[in-house]
Amino acid sequence: MAAAQPIRLYCFAHAGAGVSAFHGWAARVGPGVVPVPVLLPGRDRRRREPRVTTREALLDDVMRLFGGAPTAPFVLYGHSLGALVAYTVARALHEAGRPGPALLAVGACPPPHLPPAPAYALGVPDAELLRTLDLLGVVPPGTPGTEPGGIWDRAVRPVLRDDLALARALRTAACTPSPADPLTTPLLVVAADDDPMASPAVAEGWSRWSEGPMRLRTVSGGHFFVRGPELPRLLGQACRTLRRPARPTPRAARRVTNTGN
């Protein structure tokens with residue numbers, strides 16, 4: 001008997017980032033899972049392309065990845081802004097009547113109906129934005145060049161600004177009534193125990209964004225737990241679970257909060 005095709009794990013990064021947060025994931029997710037980091041326009045090797053700041057522009061770029069009928073289950077994971085991107089993609093596939101992910105995983109992100117942290121106000125001056133991001137732990141510790149005119153300031157700040165506009169657009173679109181039936185994709189919500197932007201209590205609010213089963217997992221760390229080894233191992237385990245026969249349980253019993261692996 002031929003081996004089952006690997007599950008593709010599409011990964012979407014946080015605001016201001018490319019795909020470096022997912023380096024090393026191929027070895028960490030374990031067997032049977034292939035991580036596919038998705039690079040949005042305007043960063044890294046796509047830095048000369050215009051950045052996307054609307055739902056329509058985002059979907060014009062990303063939906064090409066899902067053009068054909070999938071031959072194996074696939075999973076979406078988004079971190080912070082990437083969580084909104086992953087949800088938007090899952091919703092767009094559902095509305096188009098196309099095969100969607102077997103699992104939608106989101107991390108480090110308040111659900112769309114909750115207001116984002118003050119750092120994400122588009123009109124905040126640069127200096128105040130940086131101070132707030134630093135206090136919230138959004139800028140990784142020790143990041144060089146964050147002073148005005150520094151490397152981070154020149155390379156990341158413009159991308160971050162446009163990504164904040166994209167985040168606002170995706171939240172607004174998510175909260176706009178859809179003509180399609182409610183999403184029923186299973187949800188895996190991941191929150192860190194020391195993340196000031198999306199605590200486990202806040203992350204629980206994702207339960208209202210799909211009528212499918214939802215599980216909340218709490219990991220150690222702050223907002224950037226995406227850079228640690230715990231998250232890819234957790235996602236790899238969740239992907240492999242998809243190949244096991246499901247045992248139906250009442251919806252109320254499916255909302256389980258777990259701590260650790």
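Colleague: What should I know about the numbering and the model before reading the values?
Modeller: Residues are numbered from 1 along each chain as its sequence is written. The model is predicted, so local features need pLDDT of at least 70, side-chain atom pairs count only at pLDDT 80 or more, totals for chains, interfaces and linings use all residues, and side-chain values use heavy atoms, with hydrogens and water left out.

Colleague: How many helices and strands are in the protein chain?
Modeller: Helices (H or I, at least four residues) and strands (E, at least two) are DSSP runs, numbered from the N terminus. By that assignment the protein chain has 9 helices and 7 strands.

Colleague: What share of the residues of the protein chain counts as buried?
Modeller: Buried means under 20% relative accessible area, exposed over 50%, and partly exposed in between, with a 1.4 Å probe and protein chains only. Of the 261 residues, the buried share is 49%.

Colleague: Is helix α3 largely enclosed or largely open?
Modeller: Helix α3 covers residues 81-95 and reaches 21 Å from its first C-alpha to its last. Since 13 of its 15 residues are buried, α3 is largely enclosed by the rest of the structure.

Colleague: Are α2 and α3 roughly parallel or roughly perpendicular?
Modeller: The axes of α2 (residues 55-62) and α3 come within 11 Å and cross at roughly 75 degrees. Axes are lines fitted to C-alpha atoms, for helices over the stretch in contact, and angles run from 0 to 180 degrees between N-to-C directions. Angles under 35 degrees count as roughly parallel, over 145 as roughly antiparallel, 65 to 115 as roughly perpendicular and the rest as oblique. The two helices are therefore roughly perpendicular.

Colleague: Which residues of α3 meet α2?
Modeller: Contact means heavy atoms within 4.5 Å. From α2, the residues R55, L58, L59 and V62 take part. On the α3 side they meet V85, T88, V89, A92 and E95.

Colleague: How many disulfides does the count come to?
Modeller: A disulfide is a pair of cysteine sulfur atoms within 2.5 Å. For C239, the nearest cysteine sulfur, that of C11, is 8.6 Å away. The count comes to 0 disulfides.

Colleague: Is C239 buried or exposed?
Modeller: C239 is listed with the buried residues of α8, which include L235, G236 and A238. Its relative accessible area is 1%, so C239 is buried.

Colleague: Which residues is W209 in contact with, leaving aside neighbours within four places in sequence?
Modeller: W209 lies in the loop between α7 (200-203) and β6 (214-219), and at 12% relative accessibility W209 counts as buried. The C-alpha atoms of W209 and A174 are 35 residues apart along the chain and separated by 9.1 Å. With those neighbours left aside, the contacts of W209 are Y87, P111, P112, H113, A174, C175 and L183.

Colleague: Is D44 buried or partly exposed?
Modeller: D44 has a positive phi of about 50 degrees although it is not a glycine. D44 sits in the loop between β2 (33-37) and α2. At 42% relative accessibility, D44 counts as partly exposed.

Colleague: Is A108 buried or exposed?
Modeller: A108 also has a positive phi, near 60 degrees, and is a residue other than glycine. A108 lies in the loop between β4 (103-107) and α4 (126-136). At 2% relative accessibility, A108 counts as buried.

Terms used
Expected span 1.5 Å × (residues − 1).
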